[in-house]
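Subject: Structure for you to look at

Hello,

Please find the structure we spoke about below. My notes on what was found in it follow.

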Amino acid sequence: MSNNKPRAKISPANPKVGDVIEVKTLVSHVMETGLRKDKNGQVIPRNIIHSFKATFEGEPVFSGDLYPGISANPYIAFHMKVTKPGALELTWVDDAGETLSTTVSVTVG
Amino acid sequence: MVMQLHLETLDRRQFVVGAGAAAAIFALFRSIPASAEKPQDFDATFKSIVGDAETGDSGVEITLPEIAENGNTVPFSIAVESAMSKDDYVKAVHLLSTGNPQPMIATFHFTPLSGTADVSGRMRLAKTQEIVAVAELSNGKFLVGKQMVKVTIGGCGG
């Protein structure tokens, strides 16, 4: 996951205070289920992103506990109510303990 | 039973062969359900979320393709009607599968800052099945939505 840049986009891009905006996120990850076997019949160990979290200026907005039923390269879209301008922090954690994060700055037009 | 009735007409050798074949057939039948992957129990998972609480069946809208051609990536969208105010909001939405090896697909947690209890993503589905979304409200109530989806080529496992 090291050279992996998660992507996030808000729409509308220039919201007003009080608007509910949509946040679309996408991250590259194999999301290995732990149910598949390699060609030697050995079970491929599970490695999925099990946790996703979104906070705005430290306040929780949305989070997800993910299981192997979520597709590879997880796409998650959720909403947020804009109360002020600030930073929306997004964090993903996988079974190997690797953490990915990105920040979207929300400017109020 | 039948074999016992005809025992007198069979010599010992025939009986042994016959009994062996019957045992082999019996073993074969037994091995079919034993070798198939046993899915974790959907009912048990559902119960672990809802407990003994009463559930309503309105207000949860699940949007899925009618036919999912590729079970590896099936788009979903769940929307729950809610004011999303400080005292009345959707705490979580649990997304469950009735036909995957593991019933839990995801649990999404909301706050009043979410603005609306609406989430989209992509999931894996092993076969044609019913998808169940359980919304957990801040007042302790539960709302359940269900939607069938046809899967042409299953995802998951291998």
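How many residues of chain B are in contact with chain A? In this predicted model, 28 residues of chain B touch 31 residues of chain A. The two chains bury about 2400 Å² between them, and carbon and sulfur atoms give 55% of that area. On the chain B side, the residues that lose the most area to chain A are B:Leu113, B:Arg122 and B:Arg124. Together they account for 31% of what that side buries.

Next, the polar side of the interface. Between chain B and chain A the count of salt bridges is 0. Polar contacts do occur: 18 residue pairs are found across the interface, with both residues at pLDDT 80 or more.

Which strands of chain B each supply at least two residues of the side that touches chain A? They are strand 4 (74-80), strand 6 (104-110) and strand 7 (117-123). Strand 6 of chain B gives the largest share, 7 residues. Sorted by class, the side of chain B that touches chain A holds 11 nonpolar, 13 polar and 4 charged residues.

Regards

Terms used
Residues are numbered from 1 along each chain as its sequence is written. Chains are lettered from A and ligands numbered from 1 in the order in which they are written. This is a predicted model: local features need pLDDT of at least 70, side-chain atom pairs count only at pLDDT 80 or more; totals for chains, interfaces and linings use all residues. Side-chain values use heavy atoms; hydrogens and water are left out. Contact means heavy atoms within 4.5 Å. Buried area is the accessible area (1.4 Å probe) that two parts lose on being put together, summed over both. A salt bridge is a side-chain nitrogen of Lys or Arg within 4 Å of a carboxyl oxygen of Asp or Glu. A polar contact is a pair of N or O atoms within 3.5 Å; within protein, one must be able to donate a hydrogen and the other to accept it, and residues adjacent in sequence count only if both atoms are side-chain atoms. Helices (H or I, at least four residues) and strands (E, at least two) are DSSP runs, numbered from the N terminus. Ala, Val, Leu, Ile, Met, Phe, Trp, Tyr, Cys and Pro count as nonpolar, Asp, Glu, Lys and Arg as charged, and the others, Gly among them, as polar.
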